[in-house]
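Colleague: Hi! I'm new to this one, could you walk me through it?
Modeller: Happy to, let's bring it up on the screen.

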Amino acid sequence: MLLKGSCHCQAVAFSVKSHHPYPFNRCYCSVCRKTAGGGGYAINLSGESKTLNVSGGEHISVYRAVINGVQSTGERHFCKHCASSLWVYDPDWPELVHPFASAIDTDLPTPPRKTHMMLGSRADWVEVNAQFQDKCFDEYPDESLAEWHQRLGLER
């Protein structure tokens, strides 16, 4: 599936191919919550980094979080004008890029189930609206974005 996205002010637009486009994975960690999660969590998708096509790249800034005193290798790309979070790229997994669902303009498929991760670091004010079929984890889930899509037969 070709995902098309942009920032709020339209200075940056991008597209990326994804075999795993379902927005099912809600991350409640403080980095995602504070940089891209207005509802107390962020939703990351998965794309093939070699297919990432960007217009307006000169308007992008990158943030690398410090976690427990160590700078993360993850590069959080955002628009330097309107501060829209766009995607995360980590050179430790060079074949992947993780666009934020909130930046995607393409209609996304509705996930049949959700995964709620990093609940151990969620803010007290955040209500987790997990359904009985959803999976919840205090830290990382027991399956990747790709494995979740494969298990449910949802790869595109």
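**A walk through the model**

Modeller: Let's begin with the aromatics: Y22, F24 and W148 form one aromatic cluster. Bear in mind that this is a predicted model.

Colleague: Which elements do Y22 and W148 lie in?

Modeller: Y22 sits in the loop between strand 2 and strand 3 (25-27), while W148 belongs to helix 2 (residues 145-151), so their pair ties together parts that are 126 residues apart in sequence. Their ring centres are 6.2 Å apart with the planes at 55°, so this pair is tilted.

Colleague: Are Y22 and W148 buried or exposed?

Modeller: Both Y22 and W148 are buried.

Colleague: And how many aromatic pairs does the structure hold?

Modeller: There are four aromatic pairs. One of them is F14 with W87, an edge-to-face pair with 5.1 Å from centre to centre and 65° between the planes. F14 is in strand 2 (residues 13-17) and W87 is in strand 11 (residues 85-89), so the pair links distant parts of the chain, 73 residues apart. F14 and W87 are both buried.

Colleague: What does W87 touch?

Modeller: Not counting residues up to four places away in sequence, W87 touches a list of residues including F14, L52, V54, I60, H77 and F100.

Colleague: Which residues have the most contacts inside the largest nonpolar core?

Modeller: Those are V12, F14, L86 and W87, in a core of 15 residues. Strand 2 and strand 11 each supply at least two residues of this core. Apart from it lies another core, of eleven residues, with C29, V31, A65 and M118 among them. As background, nonpolar side chains tend to be buried together in soluble globular proteins.

Colleague: New topic. How many disulfides are there?

Modeller: The structure holds zero disulfides. C9 is in none, and its nearest cysteine sulfur, that of C7, is 3.7 Å away.

Colleague: What about C32?

Modeller: C32 is in no disulfide either, and the nearest cysteine sulfur is that of C27, 3.7 Å away.

Colleague: In what sense do strand 13 and strand 14 pair?

Modeller: Strand 13 (residues 115-117) pairs with strand 14 in the parallel sense, over two bridges. T115 stands opposite K135 in strand 14.

Colleague: Where does G5 lie, and what is G5 in contact with?

Modeller: G5 lies in strand 1 (residues 2-6), and G5 is buried with a relative accessible area of 4%. Leaving aside neighbours within four places in sequence, G5 is in contact with V12, A13, F14, A103, I104 and D105.

Colleague: Last one: which feature does UniProt place at residues 3-134?

Modeller: The unreviewed UniProt entry gives "domain: CENP-V/GFA" there. In this model, residues 3-134 are 5% helix and 33% strand, and the end C-alpha atoms of that span lie 25 Å apart.

Note on methods. Residues are numbered from 1 along each chain as its sequence is written. This is a predicted model: local features need pLDDT of at least 70, side-chain atom pairs count only at pLDDT 80 or more; totals for chains, interfaces and linings use all residues. Side-chain values use heavy atoms; hydrogens and water are left out. Two strands pair if DSSP finds at least two bridges between them. Helices (H or I, at least four residues) and strands (E, at least two) are DSSP runs, numbered from the N terminus. UniProt positions are given in the numbering used here, feature names are shortened, and annotations may be inferred rather than shown by experiment. Rings of Phe, Tyr and Trp (its six-membered ring) pair if their centres lie within 6.5 Å; planes under 30 degrees apart count as stacked, over 60 as edge-to-face and the rest as tilted. Buried means under 20% relative accessible area, exposed over 50%, partly exposed in between (1.4 Å probe, protein chains only). A disulfide is a pair of cysteine sulfur atoms within 2.5 Å. Contact means heavy atoms within 4.5 Å. A nonpolar core is a set of buried Ala, Val, Leu, Ile, Met, Phe, Trp, Tyr and Cys residues joined through side-chain atoms within 4.5 Å.
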